Amino acid sequence: MKFGATIKGAQYKDWSAHYVDYSGLKRYLKERQANKRWDDEEEANFLRALAGELDKVVTFQEAKINDLTLTIAEYEAEVNRLIHGEEHPDGASSVGRPRDNLEDSSHHDHDDGDSDTTDDAQEDRFIELEEDLANVIADVHDLGHFSHLNYTAFVKIVKKHDKRTGWTLKSQFMRDFLEKRPFYKENYDGLIVQLSRLYNLVRTRGNPVVGDSSAGGGQSAFVRQTTKYWVHPDNYVQLKLVILKHLPVLVFNPDKPFEQEDAAISSSYFDNESLDLYLGRLEKTEGAEAIRMRWYGGMGVKTIFVERKTHREDWTGEKSVKARFPIKEEQLNDFLAGRITMDETFEALRKKGKKTDKEVESMLKLAREVQAAVKVKKLGPVVRTFYNRTAFQLPGDARVRISFDTQLSLIREDNWDGTIRAGDNWRRPDCGIDWPFNNIPDSDKELFPYGVLEVKLQTQMGQEPPEWVRELVSSHLVEAVPKFSKFIHGCATLLPNRVDLVPFWLPQMETDIRKPATSKASILRPAASHSNTQSATPSDGRSNDLEHYTEPVSDDEDHETNRHHAIAKDQAGWADLPPQAAAEAKAFRDENAGKTEEARPGKGYKAQEIFPKLTPANLTKLLDSKINTESEQPLNTGGDPNASAVSITPGRVEYVSSFRPPTGKRVAIPVRVEPKVFYANERTMLSWIEFSVVVSAIGIGILSYSEPHDDIALAAASSFTGVALLGILYTAYNYTWRVFKIRNREAVNYHDWLGPSVLCGILFLAVVVNFSLRAKAGF
């Protein structure tokens, strides 16, 4: 579909006048170029037209944000009046009544009916408010879609200008226009925080869950079961709005107005020049540690948290634990150098009653162990991570906690290459929280292209997560990346000359993780809405699922590469078709695909296997595959012999089908090794030896009970003894090979398909030869 048609079909009708006039700008380019040669005057006119369109978009966005802010404030005031039973300022009586009046009226029978009526009316009004807020949520979602669609329109029209006229405008437009009015960088966090608080009040009917907003921040050690996902920037706003319908945004200080600095989290990870901590965390060895200094907010914060994460294997019966303690920023350098200890500070906390004896002892032990690790392992700052976190959680309730990190940045802090970064300090002084860190050289930073969603669950044994959580993590908004680590990714990308082992998710970085939109985790406007904002919008439901914006090409833009499509598995789900109809459609497509393949030049083309998930097993197959790129060129490489085969599903979802690590690099495949694996190997060895001993005993028995000078018995005994010796040698080799592979955590095929078959064949041959000779000799 052409982009002009896409932007027209994806517009919110009520806002259509405020979108970029993409068709008009494109028509202007065609007409002016057709009439005469493009010159300075035409370029100036086109720039003025672009500036006018940009001003229109930005003005509307700012006005709409202000309008939504006022709307939310008005709803919040009404909800507060409804909760407290106050009268409306215009003199009209509120739906609710004061609680003391209700208590007084409970002594009079004739007031019981009025009380019930008031409660019913109050509940009806809460239901109406919930529907109204659902429309406000849809407005925020559509405003995020508005920003993204217009930004894409500007990029495409400038690209079209450069291609048609031969004049280069893209860099100038980005620098002089978009960077000065960066409407596309708006994340709507202010609106989302306000909406979350208000929606939570309405959902709980004025009785929100109360508790410790730090949600574990006051604990020195805590355990969580965590799964991680990547989120494409196109889905940031929708994901946050979907979650806030079920969990409120966790705010540590509700009385303080929201500021972007409140969401900033920075961590400085320590390691040595051998990257021992990196390798331990990457290979998931038992007891592997990660040591970091973490702070919340800007560079002026006074309290730093020294944290240590320790990995525990499942077979130990323990859980991976994160422990930490606070320290003043001005004391941290002296503490790491061993010039001071934390004993006096923690004892003071014990005396003041702020920490229990158990907590103090735990923190003292942690402080001493961290201090010793820094000295013995020669640890220093290596990588800093920065991100803005939006946390969703009921205060004081950690059963379901969701955090969403955006603007993730990885910054190098070591001095190993002779460049002074952190120096003798515990962190780099020239780097704050001013994303995207323009003052930092590109070689020293990695701007991660996706958001990171972490779902932390604390459920009882056998208990399923909430339905909405299962629906969210199976929706098109997220891409599962098990065991993703910011620290590991930072080391792998910023220290390429020191890292030989890279994480298994690195190949996924080259693909587009967007998927076709589904009905799961969607933003819907109420069917029977009391709001004045109802209109046909991209938020109106399933009918728009297939119109999900997927960056289509313009009418005169070619695809960058030739790509073939892999059909999504859940066709019935995303296409909203009955299973039978989806099956028939797939069969028809497969038939046509077969005909196309037969008609394609070069009939010897061998289709590459497509892996829809980057699992360790699939990655092992990819690394073991041998692809002759010169003789069998994949369709999607565009003739580039160095390109990797990539497949795309509808919605520009790309999957890795072949990956070769850079020269000198190895990919770390997550392999779980438990003690029972070694025992299983030993049991297998003992079983084989037992079999060999039995076979050798047969040979010795034949030789012992045979007549002297019986050559046939001697030959039979020799054959059985030879088989036994071969079995023992083969067992020793297999046992040694498996022990070596297990210790190195190599993802290899441990199944022995050859040995048993060969051994049985030789044994069978020995028996046949023995009986044949006896038969020939006449027994």
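Student: At what angle do helix H9 (residues 276-283) and helix H14 (residues 486-494) pack?

Tutor: Helices here are DSSP runs of H or I with at least four residues, numbered from the N terminus. The model is predicted: local features need pLDDT of at least 70 and side-chain atom pairs pLDDT 80 or more, while totals for chains, interfaces and linings use all residues. Residues are numbered from 1 along each chain as its sequence is written, and side-chain values use heavy atoms, without hydrogens and water. With axes fitted to C-alpha atoms over the stretch in contact, and angles running from 0 to 180 degrees between N-to-C directions, the axes of H9 and H14 lie 10 Å apart and the packing angle is about 120°.

Student: Which residues of H9 and H14 make the contact?

Tutor: Contact means heavy atoms within 4.5 Å. H14 contributes Phe487, Ile488, Cys491 and Ala492, and H9 contributes Leu277, Tyr278, Arg281 and Leu282.

Student: Is lysine 8 buried or exposed?

Tutor: Lysine 8 belongs to helix H1 (residues 3-9). Buried means under 20% relative accessible area, exposed over 50%, and partly exposed in between, with a 1.4 Å probe and protein chains only. Because its relative accessibility is 67%, lysine 8 counts as exposed.

Student: How far apart in space are lysine 8 and aspartate 21?

Tutor: In sequence, 13 residues separate lysine 8 and aspartate 21. From C-alpha to C-alpha, their separation in space is 9.6 Å.

Student: Leaving aside neighbours within four places in sequence, with which residues is asparagine 681 in contact?

Tutor: Asparagine 681 lies in helix H18 (residues 675-704), and its 8% relative accessibility means that asparagine 681 counts as buried. Beyond those sequence neighbours, asparagine 681 is in contact with Tyr735, Arg738 and Val739.

Methods:
Helices (H or I, at least four residues) and strands (E, at least two) are DSSP runs, numbered from the N terminus.
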